[in-house]
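Open the model in your viewer and keep the selection tool at hand. The stops below go from side chains to a sheet.

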Amino acid sequence: GPEVPIRKLCELCAGEKCCVVGTLFKAMQLQPSILQEISEEHNLVPQPPLPKYIHPSDELILEDELQRTKLEGALEVQKLVTGREGRMVAATSQECQLGADCPLCALGTILAVYGSEQEDGRFLVEDHCFADLPQQPPWQGPSSDQFVLLVSGLGLGSASGESLLGTQLLVDVVTGQLGAEGQQSCAARIARVILAGNLLSQSTQSRDTLNKAKYLSRRTQAASVEAVKLLDEILLQLCSSVPVDVMPGEFDPTNYTMPQQPLHHCMLPLSRAYSTLQLVTNPYQATLDGVRFLGTSGQNISDIFKYSSMEDYLEILEWTLLAGHLCPTAPDTLGRPRRGCGMPGRGGYSFLCSSPCPPPGCYPFYKSDPFILPHCPHVYFCGNAPCFRSKLLQGEAGQRVLLVMVPAFSATQTACLVNLRDLSCQPISFSGFGAEDSGD
């Protein structure tokens with residue numbers, strides 16, 4: 001309420017109850033560091049990759065324009081995630097004198113805490129809050145059933161090719177060449193198909209060629225070339241029947257840093273002739289028939305999963321909405337690929353990095369943070385999730401948001417069908433044709 005004073009960290013007085021707003025940072029003992037490169041050079045045993053990098057000794061730190069302070073009290077330390085590491089170095093630094101225009105001061109998750117400063121300088125938190133759901137545009141959805149199909153993780157170019165049959169069946173269902181009369185009638189109401197990243201398999205990232213002499217790999221064709229040709233043929237079939245939005249992902253041939261730019265149209269000579277093909281960014285945002293969609297290919301959610309105690313992707317999706325930030329771990333832990341991954345970039349270059357958890361994979365925006373959510377979407381999804389799940393989230397101001405975990409199609413043979421009329425979601429599964437039946 002208005003009776004609670006709002007202070008900056010430099011204005012805190014010991015014992016005074018007040019509210020402080022700042023950027024959250026989490027000091028993590030197990031967080032991999034660029035210093036791992038030194039251990040590799042000296043033949044020391046590097047830190048093994050872990051499913052989660054949380055530790056009981058982790059600490060939360062709040063930073064504002066001038067300084068930082070450690071937090072303790074009513075906070076779930078293991079659940080919360082970090083923003084920019086070491087964002088504030090000194091009040092006299094040139095970057096911090098830039099104020100709101102400082103590229104480092106615009107990053108991270110904003111948190112408001114209520115409590116008091118202790119004699120040892122720590123801030124004892126009694127309560128805290130995030131930004132909560134932002135305002136939502138008015139609902140202008142269709143009055144009849146209209147569907148948007150969400151698919152992610154096609155994984156084209158894998159050595160086994162086990163998901164190709166399921167992929168072709170999915171294409172035939174969308175184009176109306178497969179299914180009973182009722183299924184074809186439903187397919188006719190699909191207004192758009194969204195491919196949410198990882199169109200290519202991880203196995204297409206040529207690692208061996210980087211360690212060979214050029215004369216040995218001169219006649220070798222990258223595995224991603226055939227995979228992109230196959231993608232072009234699939235998009236050709238889809239675009240002849242329905243508009244398709246193609247998002248890049250972690251293993252696709254575009255820039256690795258978030259936000260990822262669209263795939264280049266020159267890689268898709270067949271399908272690019274259709275105006276129904278839209279090569280879009282990751283994260284992706286669009287308004288379809290009056291319904292606002294927002295989603296990613298899943299890198300932001302999987303990264304939070306590693307550095308938080310949250311086990312459910314759907315819980316993480318909801319938390320990012322309530323925090324008002326799409327990628328709260330960027331650019332601290334949302335990292336680039338490792339050395340030898342051979343990820344192709346624009347112009348034939350490859351990204352090389354030496355650390356297991358290297359420098360941040362986020363473009364250094366100067367004046368603003370593009371991942372802050374100014375408006376609440378109607379549908380919020382993440383691709384390449386381990387399974388399908390959905391939830392309708394209700395906000396205090398009347399917001400209604402459909403949260404969708406889009407599973408990797410190559411692993412689950414499952415896509416998601418969103419009804420724009422009532423924001424319902426259902427899976428379409430081809431699990432009978434997956435890897436588990438390949439040996440029958």
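**Stop 1: a charge and some rings**

Select K52 and F305: K52 lies over the face of F305, 3.8 Å from the ring centre (a charge sits over a ring if NZ of Lys or CZ of Arg is within 6 Å of the ring centre and within 35 degrees of the ring normal). This is a predicted model, in which local features need pLDDT of at least 70 and side-chain atom pairs count only at pLDDT 80 or more, while totals for chains, interfaces and linings use all residues. Residues are numbered from 1 along each chain as its sequence is written, and side-chain values use heavy atoms, leaving out hydrogens and water.

The whole structure holds four aromatic pairs (rings of Phe, Tyr and Trp, the last by its six-membered ring, with centres within 6.5 Å; planes under 30 degrees apart are stacked, over 60 edge-to-face, the rest tilted). Select Y53 and Y307: their ring centres are 5.3 Å apart and their planes at 20 degrees, so this pair is stacked. The two residues are 254 apart in the chain. Y53 is buried at 8% relative accessibility, and Y307 is buried at 2% (buried means under 20% relative accessible area, with a 1.4 Å probe and protein chains only).

**Stop 2**

Finish on D245, which stands opposite Q278 in β10.

Key. Two strands pair if DSSP finds at least two bridges between them. Helices (H or I, at least four residues) and strands (E, at least two) are DSSP runs, numbered from the N terminus. Buried means under 20% relative accessible area, exposed over 50%, partly exposed in between (1.4 Å probe, protein chains only).
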